[in-house]
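Open your viewer and get ready to click along. We will begin at the ligand and then visit a few backbone spots.

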Amino acid sequence: MKRVLLTLAVALGLATGATTMLSRPAVAQGAYPNRPITMLVPAAAGGPSDTVARLVAEAMSADLGQRVVIENAGGAGGSLGAGRVAKAAPDGYTLLLYHIGVATFGALYPNLPYKPGEAFDSVGLVTEVPLTVVGRKDLPPADVAALFDWLKGKGAGATFGTAGVGAVSDLCGRFLTDATGVKLTVVPYRGTGPAMNDLVGGQLDLMCDQTTNTANQIEAGQVKPYAVTTRERIKVLPNLPTLEESGVKGFDLSAWHAIWAPKGTPEPIRQKLAASLQKALTDPRVIERFAALDTAPVSAEMATPTALDERFQSEIARWNKLLAGAGEK
Ligand code: MLT
């Protein structure tokens, strides 16, 4: 079939080397992008992933000469929104910005209509954000040890806000309950943005959320900080102990964020997006804005399709082990 069409194209004098009618997309790839691009964030607006996405989208819009428009689609820990990108046309006009959660969806949602490890083409890593365990500001316990005692005393009475199964706020809760034996009443939201509003408002007892969403609330005394989830303390909250040093041995969790495109996105388009991401993440103004959010972009080497491929596949393998048997039935 292809051969016949090629002969036809040549006959019609349209064929010139690689750019024949048959590869019209090649021409389109050259002109990419020629309309706005949708960057889907599978979490509510105003939350940590949305904040990172808007920062990167603005810089990439300026570079690509077309608006990169954020669309928020929270729910089911982000697995629903990610599914929309998995099903989208692989033409470079629909992208996914999310995080480590995507690597857990296969284990936690065995009946998903897409395979997270096969449904996306990598564009690049963006940033890696630590999390903090925070309580409403009038929560009785003064520190982590007292918090775990208080939680043990409460049974399952304490409410713990997450962005749904598979969200990093949920993964943190799972680790905490596994490691300490405390019980929590999980309250799922469409993102930790709205959950934070309830925590600040005192309707929620506890959360484990990214510093891009907690550091400013901690500094403002709106929430009570207990611990950070990374192995090392973090510069922005130097006095906050790690869970590791607070006795929760081996606790090490951060939210690496990345950009993906639907599987089958033409290589020239993927490379153009990756180059635009690298340019954005090395732009001093963007770096400054990340710093204002108490985080930093990954290095340009990490903002590549290859680096994300490696990280993503190794994380899928890690979480499949860690979450074995934890999936929805
Ligand atoms: C968000 O932006 O709401 C968070 O990234 C969700 C989560 O906790 O994973």
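Which atom in the side chain of Gln210 is 2.9 Å from an oxygen atom of the ligand? Select Gln210 and look: an N or O atom of its side chain lies at that distance, a polar contact (a pair of N or O atoms within 3.5 Å). Taken alone, the ligand exposes 270 Å², and the protein buries 100% of that (Shrake-Rupley areas, 1.4 Å probe).

A word on the model: it is predicted, with local features needing pLDDT of at least 70 and side-chain atom pairs 80 or more, while totals for chains, interfaces and linings use all residues. Residues are numbered from 1 along each chain as its sequence is written, and side-chain values use heavy atoms, without hydrogens and water.

Next, select His99, where a polar side-chain atom lies 2.6 Å from a ligand oxygen. At Val168, a backbone N or O atom is 2.8 Å from an oxygen atom of the ligand.

Move on to the backbone. Most residues other than glycine have a negative phi, and most peptide bonds are trans. Select Tyr32 and Pro33: a cis peptide bond joins them, with omega about -10°. Then pick Ala76, whose phi is near 50°, a positive value. Finish at Asp294, with a positive phi near 60°.

Key: Polar contact = N/O pair within 3.5 Å; in protein donor to acceptor, adjacent residues only side chain to side chain.
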